[in-house]
Amino acid sequence: MLGLLGSGIAAVQAETAYRLGAQDRLRVKVWEWRPASSDTFEWTALNGEFTVDAAGMVSLPLIGSVTAQGATTAELSALIASRLREVAGLIRPPNAAVEIAQYRPFYIVGAIERPGEYPYRPGMTVLQAVSIAGGFYRPDTNLSRFERETIVAQGDVRVSETQRIALTMRRDRLSSEARGEAEIAFSPEVVQRQREALVAQGMQEETLILTTRRQTLQSQVDLLTQANKLLEDELTALAAKTTTQTRQVELARRELQNINSLMTRGLSVSARQVAVEQHLAQMESQLLDLSLAAARTRQEMARNERSMVDLRYQRANDVLREMRETQTMLDHVSERIETFRGLLYDSQVTAPRQQLLLADEAARLNFQIVRRDAGQVRQIPVDLVAEVRPGDVVRIIRASVPRSTDGADATASGQTTAVPTR
């Protein structure tokens with residue numbers, strides 16, 4: 001392994017001639033000496049900065065596209081001069097100078113703070129590249145943060161437990177009310193904690209609520225019952241009055257029959273007959289009014305009976321609805337408690353253990369350069385003083401360590417995400 005690492009490092013350091021590639025920005029200057037005028041002529045159209053495109057070509061005025069991929073600056077200078085001689089029909093090639101205005105970027109990935117693409121600097125080493133990217137990844141091993149999270153989670157658990165016991169007592173009260181019981185049959189969970197101040201207070205409050213609701217319903221029913229009793233007395237009085245009125249109507253009818261008999265024999269006058277008929281009609285009308293009043297009284301009694309039934313049904317429906325809502329809230333609070341307990345376990349056990357493992361991994365790093373050379377991609381093991389070239393991908397790999405818990409990331413096991421190389 002040491003021999004392979006040494007040969008890789010030597011191979012990186014031995015490559016001194018820089019080869020151009022895509023995204024390199026070049027500064028070109030072309031001129032020629034003209035003996036006839038003893039003057040230097042500059043090809044200003046070709047002087048300037050140009051960028052190597054993704055195909056490895058650089059487009060120049062007058063001579064068109066020139067292949068720069070894989071060439072050195074000296075080779076590209078000679079190629080530009082030769083192409084210009086051909087295009088311009090010169091006797092001798094002019095002088096051309098190519099220098100790198102800006103190198104193509106390099107990439108760094110793995111166990112560092114800010115992986116990504118960065119501008120290249122000549123003579124850069126792996127250590128300098130790591131420094132540009134923010135340094136090695138430093139896991140947060142500050143256990144005080146986990147202590148704070150533990151305190152918060154414990155508080156959430158206590159609050160949720162209080163909510164759950166309150167909802168349980170409410171559910172017990174509603175269940176007893178639905179069964180029509182005068183006392184609450186509390187759950188064993190509540191009975192076991194009845195000596196606690198909050199639980200004892202809650203039991204008293206729920207008992208008071210049950211008593212108040214029962215008394216309210218009973219008071220409403222009693223009022224309707226009393227109203228019906230008064231209506232029954234009124235109905236009795238109307239019945240008695242109707243009986244008396246019926247007797248009077250019968251007497252009036254008999255009197256009218258006698259008058260009619262006397263008139264037949266010529267012993268009575270018609271005025272007497274008319275007066276009796278009017279009196280009879282008036283008493284019959286009063287008898288009808290009594291019947292109508294009795295019917296209205298019975299209707300009011302029926303309405304009161306229906307109101308009593310509606311009160312009981314409405315209260316039963318309200319109790320069932322509150323029971324459903326309470327059970328839903330109770331299930332929700334129970335799920336929250338389980339979630340908070342899981343977070344509490346993570347804060348107390350899992351997370352600190354994981355952070356210590358990450359800290360141990362951070363001290364076990366391997367370095368690698370991924371480089372494209374002659375159309376092939378090579379992975380070269382290096383150390384911190386190895387030279388980085390433009391377009392290289394620097395990989396900082398954590399050495400894998402045994403884990404006692406799940407959740408290891410891919411970087412810790414030596415696996416990194418594939419990135420495009422240049």
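Phe-367 is buried, with a relative accessible area of 15%. In this predicted model, the residue is placed in strand 9 (residues 365–373). Its ring pairs with that of Phe-136. The ring centres are 6.0 Å apart and the planes meet at 50 degrees, so the pair is tilted. Phe-136 belongs to the loop between helix 3 (126–132) and helix 4. The two residues are 231 residues apart, and the pair links distant parts of the chain. Phe-136 is partly exposed, with a relative accessible area of 26%.

A search of the whole structure finds 5 aromatic pairs. One of them joins Tyr-18 and Tyr-103 in an edge-to-face arrangement. Here the centres are 5.2 Å apart, with 75 degrees between the planes. Tyr-18 sits in the loop between helix 1 (2–14) and strand 1 (25–34). Tyr-103 sits in the loop between strand 6 (95–102) and strand 7 (106–110). The pair therefore ties together parts that are 85 residues apart in sequence. Tyr-18 is buried, at a relative accessible area of 15%. Tyr-103 is partly exposed, at 23%. Together with Tyr-120, Tyr-18 and Tyr-103 form one aromatic cluster.

The chain as a whole contains 7 helices and 11 strands. Of its 422 residues, 34% are buried. Among contacts with a separation of 6 or more, 64% are between residues 24 or more positions apart.

Helix 6 provides the largest share, 6 residues. By residue type, the lining of the second largest pocket divides into 7 nonpolar, 3 polar and 6 charged residues.

Helix 6 also holds Gln-220. This residue is partly exposed, with a relative accessible area of 32%. The C-alpha atoms of Gln-220 and Met-308 are separated by 7.9 Å. Along the chain, the two residues are 88 residues apart.

Note on methods:
Residues are numbered from 1 along each chain as its sequence is written. This is a predicted model: local features need pLDDT of at least 70, side-chain atom pairs count only at pLDDT 80 or more; totals for chains, interfaces and linings use all residues. Side-chain values use heavy atoms; hydrogens and water are left out. Helices (H or I, at least four residues) and strands (E, at least two) are DSSP runs, numbered from the N terminus. Ala, Val, Leu, Ile, Met, Phe, Trp, Tyr, Cys and Pro count as nonpolar, Asp, Glu, Lys and Arg as charged, and the others, Gly among them, as polar. Buried means under 20% relative accessible area, exposed over 50%, partly exposed in between (1.4 Å probe, protein chains only). Contact means heavy atoms within 4.5 Å. Rings of Phe, Tyr and Trp (its six-membered ring) pair if their centres lie within 6.5 Å; planes under 30 degrees apart count as stacked, over 60 as edge-to-face and the rest as tilted.
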